[in-house]
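Student: I have a model open and would like to go through its local geometry and contacts with you.
Tutor: Go ahead and ask, one point at a time.

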Amino acid sequence: MNVTVDSLGPCKKLLRVEVDAAAVEAAFEETTKEFMKLARLPGFRPGKAPRHLVTKAYAPQLEEEVRRKLISDSFRQAVSEQKLHVVGQPDVEEVQFARGQALQFTATVELAPDFELPEYKGLPVRREVRIVTEEDIARALRVLLEQRATYLDVARPVQNGDYAVLNYTATSEGKPLTEYAATARGLTEKKDFWVHVTPDSFLPRFADQLLGAQAGETRQVEVEFPADFVPTALAGRHAAYAVEIVQVKEKVLPELTDELAKAYGAENVEALRGGVRRDLENELQLKIKRTTRDQIVRTLLQRVACELPESVVAQETKNVVYDIVRENQERGISRDVIDQQKDQIFSHASSSARDRVKIAFILGRIADREGLKATQEEIVQRITFLAHQYGIKPEQMVRQLRDRNGIAEIEEQIISGKVLEFLEKNAQFEDVLP
């Protein structure tokens, strides 16, 4: 077999492969024998049909199987001989294939980037020295109390911190807002709409103009939509809201009692406080770990300069776009609004994808050097966890993962986690005050 390699770029090569005629003939002979063992032809027992009849009856299938096997095997051999780290699927183009002739084909492949690993032990990390304070616990307990808050009608003017229940309609230059943005129905008209009377609530300066109003009163509220507002058709536009105050409500928090603590699964208030403290401490440790790893990743990205295989970046960009769209939809953002932001979404996804692909190659190289691998037990545990998370059987999860090469992805995630843990243990920490 003869192989030549032409460079098409830092991460792209063109392989020209030629398999001599003798090897092609040997492949035909071997494949013909395999077909003869399984052939079923009228008048003959399975596997007993004469060679010439099998060759004639299965000629197209036999030729296709020889072509497939020869190209597949010789491509793998060529990649091994040339010591190429191929990523993604090759683009194979047949040049010549016929019995009695040499097989010739080309394969355009993308390769993992070639770069020197920087020193990755002792990476600098600034770590905030923080502890859980009594103020932190008090804030967390207040959040729990807020979940049990009641909202009482009050017969007085609206004050800061109140909740105003409103009916409103909005116009701009005398026309409903939907004349400018069809998706702005909720901004144009609402009934029984709750507004928390704080400076940043709903629209800029909207809530401020409700102060002093009472239930049953109507007010004209003027707003200016921000320059970056979505829908963009309303950005910078002035609008007038005709507002009817239906009710004024005051939020009342319950007292922190042993009875309330039991509602949250604690024996008493002190046990609830202890549980809150433990949760906050765990959350703080997770935050420290997250910021530590973020710094490690940023440092590695800065210290390595390399080209990236574009097909891998393109696929990762699609994955990031999918994640962004899904997250926005889960937050209740409409498809129309998402479509209006598609350029910004793609730009962010493209940048994020390049970093994700680059750090994956860096972590992979460190894993190879340090001998960090994912065990079969770890892979099975991760699959079992995912199956439980999605409410399906583990074997069903395995089938789904195999259909999209997801098991290799899980293995990579486990290895990346081990590398980050290794880098974290070997980092050079500088403790700083928050």
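Student: Is Asn328 buried or exposed?
Tutor: The model is a predicted one. Asn328 sits in helix 8, residues 310-330. Its relative accessibility is 9%, and the limit for buried is under 20%, so Asn328 counts as buried.

Student: Which residues does Asn328 touch, not counting residues up to four places away in sequence?
Tutor: Asn328 belongs to helix 8. With residues up to four places away in sequence left out, the contacts of Asn328 are Ile333, Ile338 and Ile345.

Student: Which strands are the edge strands of the open sheet of 4 strands?
Tutor: The strand order in this open sheet is 1-2-4-3, with antiparallel pairing. An edge strand pairs on one side only, and this holds for strand 1 (2-9) and strand 3 (86-96).

Student: What is the bridge partner of Leu14 in strand 4?
Tutor: Strand 2 (residues 12-19) and strand 4 (residues 103-111) run antiparallel and are joined by 8 bridges. In strand 4, Leu14 is partnered by Thr108.

Student: Is helix 7 roughly parallel or roughly perpendicular to helix 13?
Tutor: The axes of helix 7 (residues 269-303) and helix 13 (residues 406-425) come within 10 Å and cross at roughly 95 degrees. The range from 65 to 115 degrees applies here, so helix 7 is, relative to helix 13, roughly perpendicular.

Student: How do the residues of the contact of helix 7 with helix 13 divide into nonpolar, polar and charged?
Tutor: On the helix 7 side the contact has Lys289, Thr292, Arg293, Ile296, Val297 and Leu300, and these meet Gly417, Leu420, Glu421, Leu423 and Glu424 of helix 13. The division for this contact is 5 nonpolar, 2 polar and 4 charged.

Student: How many residues apart are Glu424 and Lys289, which form a salt bridge?
Tutor: In this salt bridge the closest N and O atoms are 3.2 Å apart. Glu424 counts as buried at 15% relative accessibility, whereas Lys289 is partly exposed at 33%. The salt bridge between Glu424 and Lys289 links distant parts of the chain, helix 13 and helix 7, and the separation is 135 residues.

Student: What is the N to O distance in the salt bridge of Glu424 and Arg293?
Tutor: Glu424 lies in helix 13 and Arg293 in helix 7, so this pair ties together parts that are 131 residues apart in sequence. Their side chains meet with an N to O distance of 3.1 Å.

Student: How far apart are the closest N and O atoms of Glu146 and Arg142?
Tutor: Both residues lie in helix 4 (residues 134-147), with a spacing of 4 residues, about one turn of the helix. Glu146 is partly exposed at 28% relative accessible area, and Arg142 is partly exposed at 46%. The salt bridge between Glu146 and Arg142 has its closest N and O atoms at 3.3 Å.

Student: How many salt bridges does the count come to?
Tutor: One network of salt bridges links Glu25, Glu29, Arg51 and Arg99. The cut-off is a side-chain nitrogen of Lys or Arg within 4 Å of a carboxyl oxygen of Asp or Glu. By this rule the count is 31.

Student: Is the peptide bond from Val230 to Pro231 cis or trans?
Tutor: Pro231 is in the loop between strand 10 (218-224) and strand 11 (238-252). With omega near 10 degrees, the bond from Val230 to Pro231 is cis.

Student: What is the phi of Asp192, about how many degrees?
Tutor: Asp192 is in strand 9 (residues 189-196) and is exposed, with 52% relative accessible area. Although Asp192 is not a glycine, its phi is positive, at about 55 degrees.

Methods:
Residues are numbered from 1 along each chain as its sequence is written. This is a predicted model: local features need pLDDT of at least 70, side-chain atom pairs count only at pLDDT 80 or more; totals for chains, interfaces and linings use all residues. Side-chain values use heavy atoms; hydrogens and water are left out. Helices (H or I, at least four residues) and strands (E, at least two) are DSSP runs, numbered from the N terminus. Buried means under 20% relative accessible area, exposed over 50%, partly exposed in between (1.4 Å probe, protein chains only). Contact means heavy atoms within 4.5 Å. Two strands pair if DSSP finds at least two bridges between them. Axes are lines fitted to C-alpha atoms, for helices over the stretch in contact, and angles run from 0 to 180 degrees between N-to-C directions. Angles under 35 degrees count as roughly parallel, over 145 as roughly antiparallel, 65 to 115 as roughly perpendicular and the rest as oblique. Ala, Val, Leu, Ile, Met, Phe, Trp, Tyr, Cys and Pro count as nonpolar, Asp, Glu, Lys and Arg as charged, and the others, Gly among them, as polar.
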